[in-house]
Amino acid sequence: MSAKEDFIENAKNGKVLARKCTECNELHLATVYFCKKCGNKNFENHPVDGIGKIVTYTIMTVPPEGFEQYSPYAWAVMELNDSNIRISGFLPNIAKPEDLPVGTPAKIIGYDARGIVLEKL
Amino acid sequence: MEKVCVIGAGSTKYGKLDDSITDIAVQASVAAIESAGIKPKEIDAGYISNVFGIADKQVHLGPVIMSNLGISEKPSLSIESACGSGSVSFREAFANVAAGFYDAVLVTGVEKVTHTGTEWTTTYFSYCSDFFYEGQAGASFPGLFASMARAYLTEFNATEEDFAKVAVKNHENGLSNPKAHLRKKITVDDVMNSAVVASPLKLYDCCPFSDGASSVILCSEKFAKEHTKDYIQVIGSGRGGSPAALQGRNHLTTIPSTKLAAESAYKMAGLGPKDIDFAEVHDCFTIAEVVDSEDLGFFEKGQGAKAASEGRTKLNSEISINPSGGLKSKGHPIGATGVGQVVEVFDQLTGRAGEREVKDAKVGLTQNFGATGASCAVHIFQSV
């Protein structure tokens with residue numbers, strides 16, 4: 001299974017497949033092949049819960065192709081609780097800023113044609 | 001390293017153009033060649049920047065342009081670096097002239113997309129993001145910059161009205177630019193009442209999709225002196241990179257590649273932000289100009305929005321930002337934009353800018369990035 005397929009399988013189960021550098025312990029997403037800190041190529045898998053807080057977002061009202069039926073929806077960046085990793089994704093059913101204040105807890109609920117799918121907790 | 005100069009520059013009008021991608025690229029190239037007063041045969045190589053040639057049924061643009069200029073035997077290449085293609089192409093041309101490989105080169109940027117419609121362009125432009133994490137998950141470019149705007153509003157004492165004033169200022173400058181796409185005076189109310197595209201960004205916070213082509217001739221100092229008195233010198237060139245996806249960045253109110261590119265360009269020029277008389281910066285969205293003005297060192301982090309709001313970036317104020325009207329008013333033909341910025345600097349520093357002239361300007365800076373700033377190039381120019 002490729003790193004990306006593995007990453008997707010984890011996302012489907014609400015997890016983020018991170019990898020820990022065996023040299024310096026720096027955490028990365030599984031789609032990264034060399035440690036950004038020390039350049040090492042060896043990692044060990046380190047899946048973390050896809051639960052965190054929204055650090056920023058937008059509410060899309062002019063969507064790209066394929067997203068017309070979901071508009072308005074949010075695309076958000078979330079910082080995970082158990083690490084400093086950030087992950088972004090599609091977050092449906094958000095119509096106005098009051099629906100999603102920065103800091104709102106959220107989690108990954110799956111992965112499909114809309115990429116990583118998030119939901120408010 | 002050879003000293004590198006710009007001896008000629010030209011652009012088509014930016015906007016919705018009827019001519020083909022090849023036609024407009026050649027028109028801009030001819031204008032640059034004529035402005036330089038050289039013969040096409042004196043050009044050693046062509047650097048062509050373009051992103052969506054496929055939309056107008058022409059890729060491999062280099063040889064097509066060179067053939068139409070009557071110099072099919074000269075080497076050329078095409079460079080794609082999203083909305084930063086023009087400045088990246090300019091940088092490669094600069095490096096090759098500085099290294100002494102070539103005496104004179106043509107740098108032409110071009111884009112032709114408006115005939116495809118808003119949905120096509122919104123979708124295809126999203127391919128410039130880190131698609132797996134962003135475009136695929138429903139983020140358009142307005143959406144990605146809107147996320148940066150939301151982060152800025154959360155972190156700093158700034159308002160959507162502050163952002164709106166960037167648009168108002170750039171439209172005011174663009175009124176004096178006959179080649180600008182949107183030549184229309186607008187007010188803060190117009191911006192605030194325009195349709196929301198991706199909250200908190202509204203239609204008038206966004207630059208338009210444009211067609212257009214821009215071209216410059218870069219050469220060694222020796223070549224410049226042999227041909228004209230009307231030239232400017234490139235005194236700084238820098239590049240940098242950022243994590244391609246916004247999620248890879250710890251701070252969303254700064255663009256790391258701009259800071260890296262600026263640092264290296266300032267170092268090469270032996271200058272700092274206070275020495276810059278005017279700057280053409282990448283204002284694809286109003287928030288982008290605010291962030292740029294901080295990352296380039298003109299204002300402290302978090303002060304850019306207020307500075308714009310107070311009029312400190314207007315033409316002939318503290319620092320004239322985007323005297324051309326910027327991407328917002330002049331337009332944003334993505335492959336041409338970075339080259340078009342150099343055309344503006346050439347016009348400004350050789351007394352061709354007319355009503356939008358920055359008074360007594362000696363040093364100008366260009367900053368142009370790709371996508372959300374995943375790639376960036378900064379250049380500094382000086383009159384001679």
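This is a predicted model: local features need pLDDT of at least 70, side-chain atom pairs count only at pLDDT 80 or more; totals for chains, interfaces and linings use all residues.
How many residues of chain B are in contact with residues of chain A?

1. Residues are numbered from 1 along each chain as its sequence is written, while chains are lettered from A and ligands numbered from 1 in the order in which they are written.

2. On to the interface: 27 residues of chain B are in contact with 25 residues of chain A (contact means C-beta atoms, placed from the backbone, within 7 Å). By class, the chain B side has 12 nonpolar, 12 polar and 3 charged residues. Here Ala, Val, Leu, Ile, Met, Phe, Trp, Tyr, Cys and Pro count as nonpolar, Asp, Glu, Lys and Arg as charged, and the others, Gly among them, as polar.

3. Which elements give two or more residues to that side of chain B? They are helix H4 (118-125), H5 and strand S5 (196-199) of chain B, and H5(B) gives the largest share, 7 residues. Helices (H or I, at least four residues) and strands (E, at least two) are DSSP runs, numbered from the N terminus.

4. The strands join in too. S4 (residues 51-60) of chain A and S5(B) pair in the antiparallel sense over 2 bridges; pairing takes at least two DSSP bridges. Met60(A) stands opposite Ala198(B) in S5(B).

5. Back to H5(B), residues 141-155: it packs with H10(B), residues 286-295, at about 60°, with the axes 9 Å apart. Axes are lines fitted to C-alpha atoms, for helices over the stretch in contact, and angles run from 0 to 180 degrees between N-to-C directions. That angle makes H5(B) oblique to H10(B) (under 35 degrees is roughly parallel, over 145 roughly antiparallel, 65 to 115 roughly perpendicular, the rest oblique). Phe145(B), Met148(B), Ala149(B) and Tyr152(B) of H5(B) make the contact with Ile287(B), Ala288(B), Val290(B) and Val291(B) of H10(B). By class, that is 8 nonpolar, no polar and no charged residues.

6. The other helix pair is H1(B), residues 21-36, and H2(B), residues 61-68, packed at about 55° with axes 10 Å apart. H1(B) and H2(B) are therefore oblique to each other. Thr22(B), Ala25(B), Val26(B) and Ser29(B) in H1(B) meet Leu61(B), Val64(B), Ile65(B) and Asn68(B) in H2(B). This contact has 5 nonpolar, 3 polar and no charged residues.

Key: Two residues are in contact if their C-beta atoms, placed from the backbone, lie within 7 Å.
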